[in-house]
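Please open the model in your viewer and keep a selection panel at hand.

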Amino acid sequence: ERKHRRVQRIAYQMLGDRGAAEDVAQEAFLALWRHCPRYRARFAVDAWLARIVTNKAIDRWRNERRQAVAGAVRGPTAHSLTLGVTTETAVQRLPADDLADPSLAIRWEEVQRIWNELAAELPERQRAAFVLREIEDLPARDVARALGCSTSTVRTHVALARRELRRGIRERYPEYAIVPTESFD
């Protein structure tokens with residue numbers, strides 16, 4: 001119960017869909033229960049659980065992409081991979097003290113919408129590494145365990161994701177791009 005919100009948040013940041021995130025969170029906890037005898041105390045539970053939810057989210061993401069490609073071949077379908085956010089989901093991510101300011105919820109919704117759009121274009125491993133390391137603030141070694149790679153690979157994935165996200169912001173949302181100031185030595 002203590003981990004549910006975090007697991008659901010990881011799935012949501014990976015998938016961008018609240019319903020899919022809830023499904024993936026449930027699948028992750030079922031998998032955790034089924035594979036509980038395999039757990040080794042030398043690994044952090046958070047890293048193990050992050051690996052399970054990340055793998056489940058990646059599986060779901062791949063399946064949805066396959067369905068979208070198959071649907072595109074057959075023609076448009078009701079199912080879409082566009083990733084949307086509602087005010088309700090945006091508000092759930094805000095600290096309780098900030099909920100009194102409705103403009104903050106609207107700004108957060110815009111940030112979440114932009115994230116969903118840009119992150120949808122990242123390769124799944126980059127997106128997973130970025131979500132776990134930068135959004136969920138897991139240590140790089142735990143992210144590496146969760147993704148089954150080295151810490152240097154995690155750093156590479158995060159750096160590449162950061163570069164692509166910056167590029168996307170500069171190209172699509174220049175009003176949000178941070179322009180480096182020139183130093184006058």
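Which residue just after α7 takes a positive phi? Select G148, where phi is about 70°. Before going further, note that this is a predicted model, in which local features need pLDDT of at least 70 and side-chain atom pairs count only at pLDDT 80 or more, while totals for chains, interfaces and linings use all residues. Residues are numbered from 1 along each chain as its sequence is written, and side-chain values use heavy atoms, with hydrogens and water left out.

**First stop: helix α7**

Helices here are DSSP runs (H or I, at least four residues), numbered from the N terminus. Six of the eight residues of α7 are buried, where buried means under 20% relative accessible area, exposed means over 50%, and partly exposed lies in between (1.4 Å probe, protein chains only). The buried set consists of A140, D142, V143, A144, A146 and L147.

Now display the side chains of R145 and D142, which form a salt bridge (a side-chain nitrogen of Lys or Arg within 4 Å of a carboxyl oxygen of Asp or Glu). Their closest N and O atoms are 3.2 Å apart. D142 has 8% relative accessibility and is buried, whereas R145, at 33%, is partly exposed.

**Second stop: helix α8**

Select residues 151-172, helix α8, and show E171 and R167. Their side chains meet in a salt bridge, at 2.8 Å from N to O. Here the spacing is four residues, again about one turn of the helix. E171 is exposed at 54% relative accessibility, and R167 is partly exposed at 29%.

Next, select E110, R113, E117, E121 and R172 together: salt bridges that share partners join these residues into one network.

An α-helix has 3.6 residues a turn, so residues three or four places apart point the same way. Both partners are partly exposed: R113 has 32% relative accessibility, and E110 has a relative accessible area of 23%.

To end the tour, return to the view of the whole structure, where a search finds twelve salt bridges.

Terms used: Helix = DSSP H or I, 4+ residues; strand = E, 2+ residues; numbered from the N terminus.
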